[in-house]
Amino acid sequence: MVVHSAADVTSGTEVSWRHLDEDEVDRIFQALADSTRRDIMSRTLTEPLSVSVLADEYEMSFAAVQKHVSVLESAGLVKKNKKGRERLVSGDPDTVRKVQQLLDRYEQLWRQRIGRLDALLSDEPGPEPESPIGKA
């Protein structure tokens, strides 16, 4: 049985990898291809952080960190919310779930292929292995 969606326990909403089009998938994986952006994702999934707080951890300009956050935001991996004078960045767990489900689907496809290959190889007897000692 193939599962295409999962219920979000906290909100009861359905999330599914089928709700991602090819352009969204490309943006997500391009965004995650950078180690700084992956680190920002990890940090903002645990707690919302301002861009200033995020920028303090990296040896790059505030503008560069802001650009990384913008790439993550356009991929749907983070959201910015205004709290007073600050804009807090938080990871979007729904998008992460969709990506996980997509990767799970790819894994399932590969496991099925390996299973078929194993079945094919076990049905046909192979040649007898030669003795390393030689013929007697």
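**Exercise 1. Is Glu107 buried, partly exposed or exposed, and what is its relative accessible area?**

Before we start, note that this is a predicted model, in which local features need pLDDT of at least 70 and side-chain atom pairs count only at pLDDT 80 or more, while totals for chains, interfaces and linings use all residues. Residues are numbered from 1 along each chain as its sequence is written, and side-chain values use heavy atoms, with hydrogens and water left out.

Solution. 
- Step 1: recall the classes: buried means under 20% relative accessible area, exposed over 50%, and partly exposed in between (1.4 Å probe, protein chains only).
- Step 2: Glu107 has a relative accessible area of 37%, so Glu107 is partly exposed.
- Step 3: look at its partner. Glu107 forms a salt bridge with Arg111, with the closest N and O atoms 2.8 Å apart. The term salt bridge stands for a side-chain nitrogen of Lys or Arg within 4 Å of a carboxyl oxygen of Asp or Glu.
- Step 4: Arg111 is exposed, at 58%. Helices here are DSSP runs (H or I, at least four residues), as are strands (E, at least two), numbered from the N terminus.

**Exercise 2. Find the salt bridge of Lys79 and say which parts it ties together.**

Solution. 
- Step 1: Lys79 pairs with Asp92, the closest N and O atoms being 3.7 Å apart.
- Step 2: Lys79 lies in strand 4 and Asp92 in the loop between strand 5 and helix 5, so the pair ties together parts that are 13 residues apart in sequence.
- Step 3: compare the two ends. Lys79 is partly exposed at 46%, whereas Asp92 is buried at 10%.
- Step 4: Asp92 also lies 8.6 Å from Thr44, C-alpha to C-alpha, although 48 residues separate them in sequence.

**Exercise 3. Describe how strand 4 and strand 5 are joined.**

Solution. 
- Step 1: strand 4 (residues 78-83) and strand 5 (residues 86-91) pair in the antiparallel sense over six bridges; pairing requires at least two DSSP bridges between two strands.
- Step 2: Lys83 stands opposite Glu86 in strand 5.
- Step 3: the two strands form a hairpin with two residues between them, and Gly84 in the turn has a positive phi of about 65°.

**Exercise 4. Locate the salt bridge between Asp94 and Arg97.**

Solution. 
- Step 1: their side chains meet at 2.8 Å, N to O.
- Step 2: both residues lie in helix 5, three residues apart, about one turn of the helix.
- Step 3: Asp94 is partly exposed at 24%, and Arg97 is partly exposed at 30%.
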